[in-house]
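Here is a short report on one protein chain. It covers the overall fold, the nonpolar cores and a surface patch.

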Amino acid sequence: QVTLRAGAQLNAHQVNQYNLTLRATCPGEDTVEKLLFVWVTVGLRCDPPFASAEGDVVRVPADVAPRMPLYAVLPRPLGGVTVSEGCPQPLQAGLTSHGFMLRNHDTPLTLTRQGLVLAPASGFDRSEDNQTFRLELEVTDRFGHNCSGAVRVEVLPPRRPRVTFPELQRAVTVPEGIGPLEVVTQVHASGDNVRYALLAPAVPALFTIDEVTGKIRSTRRLLAAHAHLLVRAYNALQPSDHATAALNITVRGRDPRAPSCVPAISVYGPGGAGKALGCGAQGLSWQPPRRRSQVPETVSPGSTLVTLSCTDPAGDGGSLRYALEEPLASRFLFRMEGPRLQVNTTLDYDSEAAAAAGFQFTATIVVTAGGQPPRSTRVPVLVTVTPVNEFAPTCPNGATFTVLETAPFGSAVGRVAGTDRDYPPDSLEYSLEEGPGPSQPFSIDAHTGEIRVVGPLDPQRHKSHRLAVRVTDTRHDVNPAKRRSCLCEVSVRLQAVPDQAPLCTPEVQELRIAARLGSRQPVTRLQCQGSPEDLALSYTIAGGEERPGHGTAPHRHAGLSRPSRPGNEDRRFQLEGNTLFYLPDGPAEPRTYVLLVEVRGSPGARRRSAVVALVVHVTPRSTPVPPSTTSQHTTVQKEPRVITRAEVVWHPPAWFVAVLTGSGALLLAALGCVARNLLHR
């Protein structure tokens with residue numbers, strides 16, 4: 001019995017055939033050998049839960065995109081062993097392609113050749129709940145190995161809200177006389193990417209609908225009629241997500257017994273307060289309020305905007321009632337005091353609500369007469385509010401900026417952002433109290449408030465600058481002359497840039513050249529390296545001294561920092577870039593030049609320079625003497641020798657000199673006494 005060794009793994013991609021030699025020996029018989037061939041083949045296996053009886057489960061939302069991949073069938077290769085005797089048979093190794101087949105076709109889902117289960121081409125139907133689809137699949141490879149399994153797709157409610165109408169049926173009543181393209185009513189549906197369309201009537205006769213806003217407008221002047229509309233709201237990206245609502249519109253004819261009012265339409269705003277449009281009943285008198293050129297936002301509550309003069313054809317004028325109709329915003333802003341329309345609260349121009357309404361507020365006054373049934377007349381009112389400059393601009397907190405002292409022309413320093421409580425909030429202008437000049441090298445953009453550098457910055461004179469910025473509001477009042485401003489103090493600090501002088505190697509050079517007649521000859525090339533912000537280095541012969549004859553180069557910088565006179569006064573040397581040239585002028589004499597070359601960084605940098613000392617010994621080139629028959633003279637040029645002599649000098653301290661002097665005086669006195677005694681004897 002031949003078994004697989006424990007821990008062994010077969011891989012048909014690497015080895016698909018093993019040749020075994022079996023040897024059998026029995027007592028008293030000959031040994032028998034036999035070849036055994038083992039082939040490793042590739043099979044196919046479907047893993048659970050796909051291969052289970054229930055199948056794999058996939059849950060997807062109903063708003064998934066059409067033809068979206070929902071599931072992928074991934075079969076696994078299954079290794080197998082085939083044993084035979086005799087000659088080996090070649091087998092193809094490696095994983096082959098698979099074929100996927102759908103057994104049941106009662107499903108809107110599709111299966112691709114790559115084993116992907118896709119959503120329906122038109123998406124799932126969102127109107128149905130608890131949708132479940134089961135797919136039975138079979139996988140086959142090219143060798144005939146196969147496996148099967150099942151997938152159950154459960155459709156969940158959509159992740160996004162469905163398109164719905166808050167009211168499926170709605171009745172609207174409007175008076176006759178509405179002109180073409182006037183808004184009659186508006187429908188609204190909740191959902192994403194909502195669009196609107198009219199299903200009935202198919203051909204718009206009286207009304208049309210705005211696809212985006214849902215506003216229903218009249219197509220012509222409306223007379224007494226009745227219309228039934230079917231409005232569909234749908235998701236523009238998912239047309240299958242839709243809802244339908246019914247709308248009954250009744251155009252009510254005018255009652256000839258309704259109250260008659262003057263003015264029929266009132267416009268209160270630019271051009272006059274309480275301007276009458278239309279005609280009232282004949283023989284009635286209406287005195288409009290005092291004409292004004294504007295309706296300021298600071299109009300006080302309780303001010304009368306318009307006064308109606310209405311009569312009842314039935315003759316009972318005392319039974320008329322005045323009220324404001326929707327919207328609720330108009331009832332909050334205005335109020336009725338008998339036939340007078342008054343301001344209920346401040347008409348604030350500086351608000352988002354006023355800006356959204358275009359700074360125009362509408363109201364409808366309903367005048368109702370008693371009796372059965374009640375008879376009413378509606379008077380539209382349009383109130384336009386104009387701005388009043390109430391507030392002054394304010395300065396930003398901590399307006400302090402920092403700029404490099406080497407900032408070039410046009411560099412941005414910072415932005416002054418003023419604020420204003422009046423509408424519009426960004427309608428501000430900026431200016432500097434002191435214009436740009438030597439003491440103030442800055443300018444400010446009048447519209448954005450951005451400060452820029454427009455002049456040279458001198459950190460030695462001014463470490464910081466204080467700017468007085470004037471912030472003035474514009475377009476905050478109907479009168480352009482009424483403007484407010486404030487003065488802001490802005491501080492600009494100059495940030496010092498570290499002095500990084502160019503580095504030259506070496507800083508002192510001693511050179512020797514042999515002058516020749518003719519064109520210029522190069523002397524040396526300076527090796528200097530600047531800072532990263534230096535675009536190019538400039539080289540200039542700053543000074544030096546000229547010494548006749550051959551000498552020794554000074555080795556102390558103190559001797560080079562203060563030259564007696566420029567070393568290039570006769571213009572024997574010229575710099576091109578970092579290369580020094582010698583310009584011969586006639587026969588040269590032995591001479592030594594001490595040159596100081598100043599190396600600077602970029603033009604905008606200050607105090608960024610280095611000095612290189614060059615000691616140039618110029619000697620004339622020796623002229624060969626033609627040969628003579630009598631004698632031959634050879635001039636041997638001697639190299640100069642440097643002799644160094646050290647002198648030792650001792651400078652004793654003062655106390656030592658005093659002690660030595662006193663000791664000498666005492667010694668002389670003692671010797672004098674001894675000599676006196678000897679002479680006396």
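## Overall picture

Of the chain's 681 residues, 35% count as buried. The model is predicted. Strands number 43 and helices four.

Take contacts between residues at least 6 apart in sequence: 66% of them join residues at least 24 apart. The chain's accessible surface is about 41900 Å². Carbon and sulfur atoms account for 53% of that surface.

## Nonpolar cores

In soluble globular proteins, nonpolar side chains tend to be buried together. Here, the largest nonpolar core holds 27 residues. The members that touch the most others are Leu324, Phe334, Leu341, Leu347, Ile365, Val367 and Val383. Five strands each supply at least two residues of this core: β21 (304-307), β24 (334-337), β25 (340-343), β26 (360-369) and β27 (375-384). β26 gives the most, with five residues.

Which residues does Ile365 touch, leaving aside those up to four places away in sequence? They are Leu308, Tyr322, Ala323, Leu324, Met336, Leu341, Thr377, Arg378, Val379 and Val381. A second, separate core has 25 residues. Among them are Ala189, Leu229, Ala233 and Ala243.

## A nonpolar surface patch

Trp650, Trp655, Phe656, Val659 and Leu660 make a nonpolar surface patch of about 630 Å². Trp655 lies in helix α4, which spans residues 654-680.

Is Trp655 buried or exposed? Its relative accessible area is 59%. Exposed means over 50%, so Trp655 counts as exposed.

Notes: Residues numbered from 1 in each chain as written. Predicted model: local features only at pLDDT ≥ 70, side-chain atom pairs only at ≥ 80, totals over all residues. Heavy atoms only, no water. Core = buried A, V, L, I, M, F, W, Y, C linked by side-chain atoms within 4.5 Å. Buried < 20%, exposed > 50% of the residue type's maximum accessible area, 1.4 Å probe, protein only. Contact = heavy atoms within 4.5 Å. Patch = residues over 30% accessible without salt bridge, like charges linked within 9 Å, V, L, I, M, F, W, Y side chains within 5 Å. Areas by Shrake-Rupley, 256 points an atom, 1.4 Å probe, with all protein chains shown as cover. Salt bridge = Lys/Arg side-chain N within 4 Å of Asp/Glu carboxyl O.
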